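I opened a new page for this structure. These entries record what I looked up, in the order I took it.

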Amino acid sequence: MYKTKIFLGTTVGGVDIKGHVVDKATAIRLFYYLRDDETGKSNLWLEQFQKVFSKYLTEDKTLQVSYFTSLSRQQEFEDNSKKVIPLFSITYFLAIFFSIISCLRFDCVRNKAWVATFGVLSAGLAVLSAFGMLLYCGRPFSMTVANAPFLILGIGVDDMFIMISCWQQTKVHDSVADRLAETYKEAAVSITITTLTDVLAFYIGIMTPFRSVQSFCLYTGTAVLFCYLYNITFFGAFLALNGKREKGNRHWLMCMKVEQNCPAGHSKGYSVCCVGGAYDANTGCEKEQPVSVFFKRYYGPFLTNTWTKVFVVLLYGGYLASSIYGCLQLQEGVDLRNLAYDGSYVVNYYDDEDAYFSEYGPRVMVVVTEQVEYWNKEVRQEIESCLKVLEKHLYVDASLSVSWLRVYENVSRLLNINLDNETVFKDNLKFILPTFKQDISISNDDIIASRFFIQTTNINTPIKEKNMVNELREDVKNCVVPVLVYHPAFIFFDQYVVIVSNTIQNIAVATAVMLVIALLLIPNPLCSLWVTFAIGSVIVGVVGFMAFWSVNLDSISMINLVICIGFSVDFSAHISYVFVSNSKCDVNEKVVDTLYTLGYPIVQGAVSTILGVIVLAAAESYIFRTFFKIMFLVILFGAVHGLIFLPVFLTFFGVCSMTGEVTSKKQSDVKDNESRNCIDGADHKESRYALTFTNHGLEQDDRAGPAAVDGRDVVISNAFGHPVTTSSHSMKSDPYKQKASDMHADGQLDPDCS
């Protein structure tokens, strides 16, 4: 009677057609619709269906059946986070093990095993505090937040290594308070810079419209903040307690006092277990670590070699070219299979759907959202006109559209019904209402809303899905009647519309904020620009190599790119700040000193962070594996920039000095062995030191004549107005103070270093 076609494209798949007859079908899909007004009963039915059906599939192998419910995606999402929980214990074990191994010493007093353990504990407390506070405040916890503990562990351990490294460079005979103050003086700025950049990068990510990204950024940013607070309080306090133990020359495990020198006649084993407290007599600090010595004596000089620099520049050119090419190949979109864990029944359903029902895309609803006068002929014409515009699209098959209004008009012509009369229109709806009761919403005898369907075809790529959504929405804006287009899959298609623009926006804003922070905390604009350059370079590399590693740009990878912004600044900020703070003139020597100070901590931080996420490579979920892939790229490229590219680039265009003055080796006429101890160029006479020799109240300017210096304290006011106090017998051992060899016997500075 209605003269309508029945569309079977979404229910019968893998068909062979002979003429106009379906000869064979490989797959059949059945839909069961539940009532929305009885959610409790519907959910109970779905849960029982899953239990019964999954049991049936294990018992009966005669049919290959896959299934999916409206609860499946959410349940699989939640199961993802449950399956990754056992990996937490493995991660923390690896982190504690690596931290302890890195901090082990053959000296039973200088051993830092307990310090490393409490450093990892500090990161764990930060996660508990942040998550507990936000959950108490009622903030939603999405599955993506389960990545955060792995990340926070890496950040906390990285900061711990920086603080331990600075502690080891303090004088062992100084008081614990002085050692801790010196440690905070050297480490606090670097840690503060990286914390600010990380926290701001995550909080900027809250601007994104994706709820999962918002939740992840809020939880992770807050956890980073707590990690910082615990590092400078809880961990710092334990570092002081450990310092008191070392001050008393007590054993790291038994806390018993031990001999500093091995008594005669005792074995090597006794010396290792029961003798400790050794230090470098020349520097007064703890003995150098072998890895630090490697960076100072071998790697640093090798990296500053002219031919090595040429090779590094060429290597960077290849890295940049590969990264840009990868960026151009990057694909957008999320595969819905990736939202479930491997082996899930949902994955089987999506596989079958692609195999047998991929020819036809979403059956899109065209919804009239307001109450209109359907009995008005002009209104009906406007609705029809709107539908025809939508049906003209390349992605729409007009012959498969379903319109209850078209059917009603066909019926009215057959039965000679006048639809222009309101009463007649409403009274005769009974002829079509049984068939279209799901498409017409009636309340108090009025049609308050209705819907029509258009069938899309060949929507098999994210780009086509994005274009289809954009074009349909743009067309309905021009409809006179209030209309919207909708399909449940649009929630995924929508991310394609904004993912690129939002990603670029977040990266641009975060990079600008990083530059501001660098300018405020790194006392040289040029070096601040180098830090910003390193951020951009790492981001380009990560995005480019994402394409090579089969990672698409979607909301999941967008989260990780937000992480990239924060982490890419960590290593470069540490390197740049220490480089700027170094007082030497020669750029190559500044780089060697910087690598000596930070090379080992950077390696430790990079390895510990990778260990923190490496277990996710074995996760059964694409989400967590993607997190590992991008974090691995971020840490790898960040470390490469910090240890290879940036040190070489900092030697170009001169020296980044504390005052912002730029000098190069060619501009300095000082001799190599004398330039190591100059704070400014030899040509700048205004940078001369004012020396005050204090002994029994005697004070003398360096230009006032000879003065004996042996055994006397020397107060040096440098060009920046900061007093540096030392003594003549310790000058040789401190690279940041004027050497005694650079003074004449009469107490005056060598002219070449003045």
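**Ground rules.** I am working with a predicted model, in which local features need pLDDT of at least 70, side-chain atom pairs count only at pLDDT 80 or more, and totals for chains, interfaces and linings use all residues. Residues are numbered from 1 along each chain as its sequence is written, and side-chain values use heavy atoms, with hydrogens and water left out.

**Salt bridges.** I took a salt bridge to be a side-chain nitrogen of Lys or Arg within 4 Å of a carboxyl oxygen of Asp or Glu. How many salt bridges does the structure hold? I noted 22.

I looked at Asp16 and found it paired with Lys24, with 3.4 Å between the closest N and O atoms. For exposure I used relative accessible area: buried is under 20%, exposed is over 50%, and partly exposed is in between (1.4 Å probe, protein chains only). Asp16 is partly exposed because its relative accessibility is 36%. Lys24 is partly exposed too, at 46%.

I then looked at Asp23, which forms a salt bridge with Lys18; the closest N and O atoms are 3.8 Å apart. Asp23 has 46% relative accessibility, so it counts as partly exposed. Lys18 reaches 58% and so counts as exposed.

Next I checked Asp420 and Arg380, whose side chains meet in a salt bridge at 2.8 Å, N to O. Asp420 sits in the loop between helix H12 (404–415) and helix H13 (422–427), and Arg380 in helix H11 (residues 377–391), so this pair ties together parts that are 40 residues apart in sequence. I took helices (H or I, at least four residues) and strands (E, at least two) as DSSP runs, numbered from the N terminus. Is Arg380 buried or exposed? Arg380 is buried, because its relative accessible area is 8%. Asp420 is partly exposed, at 41%.

I also noted a network of salt bridges that links Arg110, Lys112, Arg179, Glu246 and Glu286.

**A buried charge.** I looked up Lys590, which lies in helix H19 (residues 587–614). Lys590 is buried but has no salt bridge. Which side chain of opposite charge is nearest to Lys590? I found Asp593, 8.4 Å away. A polar atom of the Lys590 side chain lies 2.9 Å from the backbone oxygen of Asn582.

**Surface patches.** I counted as patch members residues with over 30% relative accessible area and no salt bridge; like charges are joined within 9 Å, and nonpolar side chains (Val, Leu, Ile, Met, Phe, Trp, Tyr) within 5 Å. Asp174, Asp178, Glu182 and Glu186 gather in a patch of negative charge on the surface. Of these I followed Glu186, which is in helix H5 (residues 176–204). Glu186 is partly exposed, since its relative accessibility is 38%.

A nonpolar patch of about 590 Å² is made by Ile28, Leu30, Tyr32, Leu34 and Trp45. I placed Leu34 in the loop between strand S2 (21–28) and helix H1 (39–59). Leu34 is partly exposed, with a relative accessible area of 34%.

**A loop residue.** Last, I looked up Met256, in the loop between helix H6 (211–247) and helix H7 (268–274). Met256 is at 52% relative accessibility and therefore counts as exposed. Met256 and Val109 are 147 residues apart in sequence, yet their C-alpha atoms are 9.8 Å apart in space.

Methods. Lys and Arg count as positive and Asp and Glu as negative; His and the chain ends are not counted. A polar contact is a pair of N or O atoms within 3.5 Å; within protein, one must be able to donate a hydrogen and the other to accept it, and residues adjacent in sequence count only if both atoms are side-chain atoms. Accessible areas come from the Shrake-Rupley method with a 1.4 Å probe; for residues, only the protein chains shown count as cover. The place of a charge is taken as NZ of Lys, CZ of Arg, CG of Asp or CD of Glu.
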